[in-house]
Amino acid sequence: MRAEDLLAHDREHLWHPYTSMLDPAPTRLVTGAEGSRITIEGTGPVVDAMASWWSAVHGYRHPVLDEALRAQAERMSHVMFGGLTHEPAVELARRLVEVSPAGLDRVFLADSGSVSVEVAMKMALQYQRGVGRPERTRFLTVRGGYHGDTFDCMSVCDPGGGMHSMWSEVLPQQVFGERPPREESDVEAWAEGFRELAAAHAGALAGLVVEPLLQGAGGMRPYAASCLRVFREVADEHGLVLIFDEIATGFGRTGTFFAAEAAGVSPDVLCVGKALTGGYLTLAATLCTSRIARGLSASDSGVLMHGPTFMGNPLACAVAVASIDLLTGGDWAGEVARINAGLQALHQVDAAEVRVLGAVGAVELDHPVDTAKATEIALEHGVWLRPFRNLLYTMPPYACSDEDVAAICTAIAAAAEAG
Ligand SMILES: *Cc1c(COP(=O)(O)O)cnc(C)c1O
């Protein structure tokens, strides 16, 4: 099919994320991708400032990841995980336990980030049943978060300006603390309110779920690292299962391998996804401690009641193993620091606020971005951007050159200037 026919059929039949079916914004055709660039029909190769939504950390068509995928396809693409196992899953679990914060040594392989959060919440609920507190069925979180699009995930997303506010009537009612502050000097005042809120609801709470250090899709907001210790203390004081959702922050994005390390805090449950397979295939994981595993195993069923059809998909696991080996065997920290230095140029953009953390840069305007216009302007500068709300932001592949990062900053500045 020719490009215009493909686009016409796409417009007629396909949903795109958060996009109207009846009056869709323009969609562009991608015909290939290599290194830090995706090739858009009619435009040519452009730097992918979004890393395909945080995931393509090594860039596209990485020879090592391509080879891992091919080699696994020649052995087998998939077998069920009920009663069976395979080397890619075992090798992946081994690596995840090795690289994750201390104590997390039980691994559930899920097929998407949202599912891994569902599993984490289910672990917390079943744990509370197992330890004799079945009345604890709610979750504590903070405003400004994002944890996925399925129903329990939506219930802990920001209840106001978030993507899911229209669902408040049908969602489980969770407990929301104030957004954690950016500055360390504001942590004490915030913590006081957060502790009071936790104490007031403790008898009904199963767990505490947050994105550590950086709230991503909810607004690209970094916050003070010492808030993580407050989360740990509150969870310990009230017997809550502490869940860190590192689906966006994991694998080096914020400057440490996991964001939790910024404060030396280990959660009871950890969710990873997005960059897990270097952006090749859909895969996520929920890790928990032996204490949580033992607790939930004492619940009525004795087992974790979850098991997706494509659990532990061997193709995805094999690529994830190769991706983690590329990171741990390479200089991801140096790359992230280099990109961070390049992104500092964003501070020159005339905007309401500019935030840079690790290999993440966000420019917040004082009005909603005209997405179609901003996208067009960025493409004229050779960069793919996908702004939302008031935000022009980037989390590029670590494989970006200094010139790529400079181009991204220039494109964001131009898009901001145009409004
Ligand atoms: C993207 C994201 C999710 C959801 O992952 P999906 O793979 O899109 O289901 C959950 N939590 C965070 C922090 C995310 O960034």
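This presentation describes the surroundings of the ligand and then several individual residues in one structure.

Let me begin with the basis of the work. The model is predicted, so local features need pLDDT of at least 70 and side-chain atom pairs count only at pLDDT 80 or more, while totals for chains, interfaces and linings use all residues. Residues are numbered from 1 along each chain as its sequence is written, and side-chain values use heavy atoms, with hydrogens and water left out.

I turn to the ligand. Which residues surround the ligand? They are S112, G113, S114, Y146, H147, G148, E211, D245, I247, A248 and K274; a residue is near a molecule if one of its heavy atoms lies within 4 Å of it. Sorted by class, this shell has three nonpolar, five polar and three charged residues. In this scheme, Ala, Val, Leu, Ile, Met, Phe, Trp, Tyr, Cys and Pro count as nonpolar, Asp, Glu, Lys and Arg as charged, and the others, Gly among them, as polar.

Some members of the shell can be described atom by atom. From an oxygen atom of the ligand, a polar side-chain atom of K274 lies 2.6 Å away. For D245, an N or O atom in the side chain is 2.7 Å from a nitrogen atom of the ligand. In G113 the backbone takes part: one of its N or O atoms lies 2.8 Å from an oxygen atom of the ligand. On its own, the ligand has 380 Å² of accessible area, and the protein covers 82% of that; such areas come from the Shrake-Rupley method with a 1.4 Å probe.

W54 is not a glycine, yet its phi is positive, at about 75 degrees. This residue is found in helix α2, residues 51-54; a helix here is a DSSP run of H or I with at least four residues, numbered from the N terminus. Is W54 buried or exposed? W54 counts as buried because its relative accessibility is 5%, where buried means under 20% relative accessible area, exposed over 50%, and partly exposed in between, with a 1.4 Å probe and protein chains only. R61 also has a positive phi, of about 50 degrees, although it is not a glycine. R61 lies in the loop between α2 and α3, the latter being residues 63-75, and R61 is exposed, with a relative accessible area of 52%.

R75 sits in helix α3 and counts as exposed at 63% relative accessibility.

E135 is found in the loop between α5 (113-130) and β5 (138-142); a strand is a DSSP run of E with at least two residues. With a relative accessible area of 48%, E135 is partly exposed. E135 and V115 are 20 residues apart along the chain, and 24 Å separates their C-alpha atoms.

T375 has its place in helix α12, residues 371-380, and counts as buried at 3% relative accessibility. Between the C-alpha atoms of T375 and D111, which are 264 residues apart along the chain, the separation is 30 Å.

Note on methods. Polar contact = N/O pair within 3.5 Å; in protein donor to acceptor, adjacent residues only side chain to side chain.
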